[in-house]
Amino acid sequence: MKRLAVLAGSHWRGFVLAALAMAVFAATEIGFAFAVERLTALLGDASSPWGRWLPAGVLGLFLVRGMAGFVSAWQLGLIGRSVVGRMREMLFERFLRMPVRSIEQRPRAELLSRMLYDAEQVADAASTVITTVVRDSLTVLGLMAYMVYASAGLSAVVFVAAPLIALTARVLSKHFRRYSARLQENMGEVSRITDEALRGHRIIKVFGGSLRERERFSSANENNKRLHLKLVMARAGGDGLTMLLAAVGVASVAWFVARYSAADGLEIEKFTGFMAAMLLLMTPLKHLTNVNAALQRGLAAAASVFGLLGSPAESDRARADKRSLPARATGRLEFVNVAFSYESGEAAALRDINLEIEPGQRVAIVGRSGSGKSTLVSLIPRFFEPDSGKLLLDGRPLAEWPLAALREQIALVTQDVMLFNDTLANNIAYGALAGAEPQAVEAAARAAHVTEFAATRREGLDALVGEGGLSLSGGERQRVAIARALLKDAPVLILDEATSALDSRSESHVQEALDRLMRGRTTLVIAHRLSTIEHADRIVVLERGRIVESGPHARLLARGGHYASLYRLQFRGHSSHGACGP
């Protein structure tokens, strides 16, 4: 709640205006009770001057009430949308700064649910709670004051029920918080199952998974319905109990009124005003009892959102000032006794890695599936931090490089190409490359043979690629990624299955571009097809996270060890994919 208050603090003027409007709104309730009192008095004295002013006063009350309600709703809506917008900005910023491990270990749908559903719940709950607590509390206090003014004795009879109503609200709040927290988790589950079904629709269709996915979704959806019904039942039970307790007060008044009025001469107009105030009290009391549901729902959502905002960001405590670092590294890489595991207690993905790569060298990383190839190259841009040992670039530990400065030295082309819903040109000149000259973008596109398929589109390089590059084939997407790396012109180049989705004709063209790109750059290549890395300066063979062999292609073949075994298996066709998967 304190963190929400901090987010909303800059809108204090809006809060003040909304509070004043709600105070005016509450005052109109007292005005209605007073109007009933005066109307009753008119029945006994038609010549009273109130006869002329009362109709206009009632209309004025409704006009003022409507304007006050509009101002308070508008201001609170403005504050609520501002807060939820700021929360989403903070969440998006956190997503961009989260460590790779944290992102990849969480379901994507869960993160989306935090931003879209939970943040919305906070805003809705905040508006509801503030309106109820301020406006209805003022209304209750005002009506209670009027009731005391009309009849202190009868007020004492009614107010006996107040502690019981407060106790009811306190008991119900525990149920509201528990069910609301479960709902947040359940919405993440519903989102995750839906996301998986949409992304995996081809597999679902081919392997007949529709029934299984329907059952999974139905189970999560049914659980969602049960949780919502429990909230509804708790809220409805609270309403009923509140009304019952209020009815006890009304019944008590009915029982005492004859004796009280006979003994103390209670005026009929005071009594009708008192009854009007008491009946008007029912609605705000009901709202105050129910506000716990909205409050607990908002607090559960806020806990979910702020929990994510409080998660660790990527460590960027570089010990070196960026100004002391070279604008362009030479590209010398060193791995010194590096070890890494994805989870504590699990088997290490990398162990005792010692490797030196000179500037401009082409080093191929090969090995069976799960041997640690992609993990090894992921340590260079610091997607992961080693558990022990250290990595150096140009003789400086990577921890001394600010993350932005380090990643400026690296270009990356992966097997799973990520394109954004933008033009071909903007996907090539992406991020820090956005200021590149159009001629340079076109030259990179030409070198990666992007212009070949761009020429078939009316917009050329200005053609939109669709979400995730859906309008492009796998090979075309990979050529765009290669063009992006060409344009960056970084001293360190990582190619993780960079030609895996290309046909033979495209691969021959792109391989030429890659050959030109790799000249003068330190290049690490992970390749499924060993024929594509025969001309590497050095081939490093990984087995269960360790380097078991290292050397040129011909020497490793002649040695007849792990590399030779992989090579024979692949070219004999015994294990064309499983032997050396990424």
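**Close-up views of a predicted model**

**View 1. Pairing of strands β3 and β9.** G367 stands opposite L542 in β9. The model shown here and in the other views is predicted. Strand β3 covers residues 362-367 and strand β9 covers residues 538-543. The two strands run parallel and are joined by five bridges. In general, the strands of a sheet pair through backbone hydrogen bonds, in either a parallel or an antiparallel manner.

**View 2. The sheet that contains β3 and β9.** Six strands make up this open sheet, and their order is β6-β7-β8-β3-β9-β10. The pairing in the sheet is mixed. Its edge strands are β6 (410-413) and β10 (546-551), each of which pairs on one side only. On average, neighbouring strands are turned by 20° against each other, with direction ignored.

**View 3. Helix α16 on the sheet.** Helix α16 lies across β6 and β7. The helix spans residues 474-488, and strand β7 spans 492-496. Relative to β6, α16 runs at about 170°. Strand β6 is also an edge strand of the sheet in View 2.

**View 4. Crossing of helices α14 and α16.** Helix α14 is formed by residues 438-447. The axes of α14 and α16 come within 8 Å and cross at roughly 130°. The crossing of α14 past α16 is right-handed. On the α14 side, the residues that meet α16 are A440, V441, A444, A445 and A447; their counterparts in α16 are A483, L486 and L487. By class, this contact has eight nonpolar residues, with no polar and no charged ones.

View 5. T139 is placed in helix α5, which runs from residue 108 to residue 150. T139 counts as buried because its relative accessibility is 2%, and the cut-off for buried is under 20%. Leaving aside residues up to four places away in sequence, T139 touches A26, E29 and P284.

**View 6. The whole chain, for orientation.** The chain has 19 helices and ten strands. It consists of 582 residues, of which 46% count as buried. Among contacts in the chain with a separation of 6 or more, 78% are between residues 24 or more positions apart.

How values were computed. Residues are numbered from 1 along each chain as its sequence is written. This is a predicted model: local features need pLDDT of at least 70, side-chain atom pairs count only at pLDDT 80 or more; totals for chains, interfaces and linings use all residues. Side-chain values use heavy atoms; hydrogens and water are left out. Helices (H or I, at least four residues) and strands (E, at least two) are DSSP runs, numbered from the N terminus. Buried means under 20% relative accessible area, exposed over 50%, partly exposed in between (1.4 Å probe, protein chains only). Contact means heavy atoms within 4.5 Å. Axes are lines fitted to C-alpha atoms, for helices over the stretch in contact, and angles run from 0 to 180 degrees between N-to-C directions. A crossing is left-handed if the near helix is turned anticlockwise from the far one by less than a right angle, and right-handed if clockwise. Ala, Val, Leu, Ile, Met, Phe, Trp, Tyr, Cys and Pro count as nonpolar, Asp, Glu, Lys and Arg as charged, and the others, Gly among them, as polar. Two strands pair if DSSP finds at least two bridges between them.
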